[in-house]
Amino acid sequence: KRETVTAPLTWSAAIRGKGDVSIVSRCTGTLNEIKVKDGERVKKGDVLFLIDSRIAENALVHAQADLQTAIANRDNARLEAESNKELADQGIISDYLLRKSLNVLQSAEAQVAQARAAVRDAELRLDYCTIKSPVDGLVGNIIPHVGDVIAEGTMLTRVAGVSEMEASFSLTESQVHAIVSELGSLENVLKVVPPLTLRFKDGSEYSEKGKITSFSGMVDQQTGSVTCYATFPNPKSELFSGMQGTIVMPVEWEDVMLVPLTSIVRIQNKALVYKVGADSLATGAIVEIEELGDGERAVILSGAEVGETIVAKGAANVHENDRVIW
């Protein structure tokens, strides 16, 4: 028969900090100092590592000197151009010499712009020698040691954002289909889905509720699932990146057919029930189901209809065309 029931859906979930970032060196040099320890809490902007900056400092001094030279050359070219304009206006020199001096001025101004850009580039490279945390979070394993020569692109550590944690879990294709059929789109789920509960491996429940924030938008061809992401606040830092848990979401199933799990026979990736006809013979029928999460019942989405009789207990012992007596 059809009925309305509220039951939890559960999914295994992997937890990571929302805003986890890799800390990678953007310059080459000797690692002079490590300012933090594994697992230390840091704020955005805190210094994590110091790389030998002497080469970068020298490069900045050279760039600044080149800029001053370029500015002096430009100023001389401007004086020359202004003087030639006055002489040309008096007919003392030719228009050719005036245009030539103006071109020299234009070239000198371009050299100043290039020198300024070189200074900014040198300042950036010097700034890269001081590596700071881009987010609030916890420092992961620190890979290098003081004295190591760090190349550009070297992975140094990770900083795990901990103010909010993200749990990722997979929805089956049938679950996605049911959601889309019910709500019209996955985007609507973000508006109406009830708060989520996170259950730890020991069976206890996390005190803060979470909410679904996004979907991957693509079905994984290997698993036939869509990855879903939920965000949980972490004010007491009880959650850590790498933890495993179970997402629990209460769902109201309206006007659905429920059958006991003992009536479901699984063959590879398919589920079937044995229908019993008027001749009392059992006939296998492929069904699409969704387990309620209570360990006892499942919803029949397709493959069986109200009024049909199925083997509800001991179905695993039934064979095709067996006579069923009840």
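**Reading a pocket, a sheet and a buried residue**

Author: In this predicted model, the second largest pocket holds about 300 Å³ of space.

Reader: Which residues line the second largest pocket?

Author: A lining is read as a list of residues. Here the list is T172, S174, R266, N269, K270, A271, V287, E288, I289, E290 and E291. By type, the lining divides into five charged, three polar and three nonpolar residues.

Reader: Which strand gives the most to that lining?

Author: Strand 17 does, with five residues. Strand 16 (270–276) and strand 17 (282–291) each supply at least two residues of the lining.

Reader: How many bridges join strand 7 to strand 9?

Author: Two bridges join strand 7 (residues 137–139) to strand 9 (residues 155–160), and these strands run antiparallel.

Reader: Last, one residue. Is T231 buried or exposed?

Author: Relative accessibility is compared with a cut-off: buried means under 20%. T231 is at 6%, and therefore counts as buried. T231 belongs to strand 13 (residues 225–233).

Reader: Which residues does T231 touch, not counting those up to four places away in sequence?

Author: With those sequence neighbours left out, T231 touches K18, E164, M165, G210, K211 and T213.

Methods
Residues numbered from 1 in each chain as written. Predicted model: local features only at pLDDT ≥ 70, side-chain atom pairs only at ≥ 80, totals over all residues. Heavy atoms only, no water. Helix = DSSP H or I, 4+ residues; strand = E, 2+ residues; numbered from the N terminus. Buried < 20%, exposed > 50% of the residue type's maximum accessible area, 1.4 Å probe, protein only. Contact = heavy atoms within 4.5 Å. 1 Å grid on protein atoms, 1.4 Å probe; cavity = no way out; pocket = protein on both sides within 12 Å on 5 of 7 lines; lining within 4 Å. Points joined across faces, edges and corners; volume = space filled by probe spheres on them. Nonpolar A, V, L, I, M, F, W, Y, C, P; charged D, E, K, R; others polar. Pairing = 2+ DSSP bridges.
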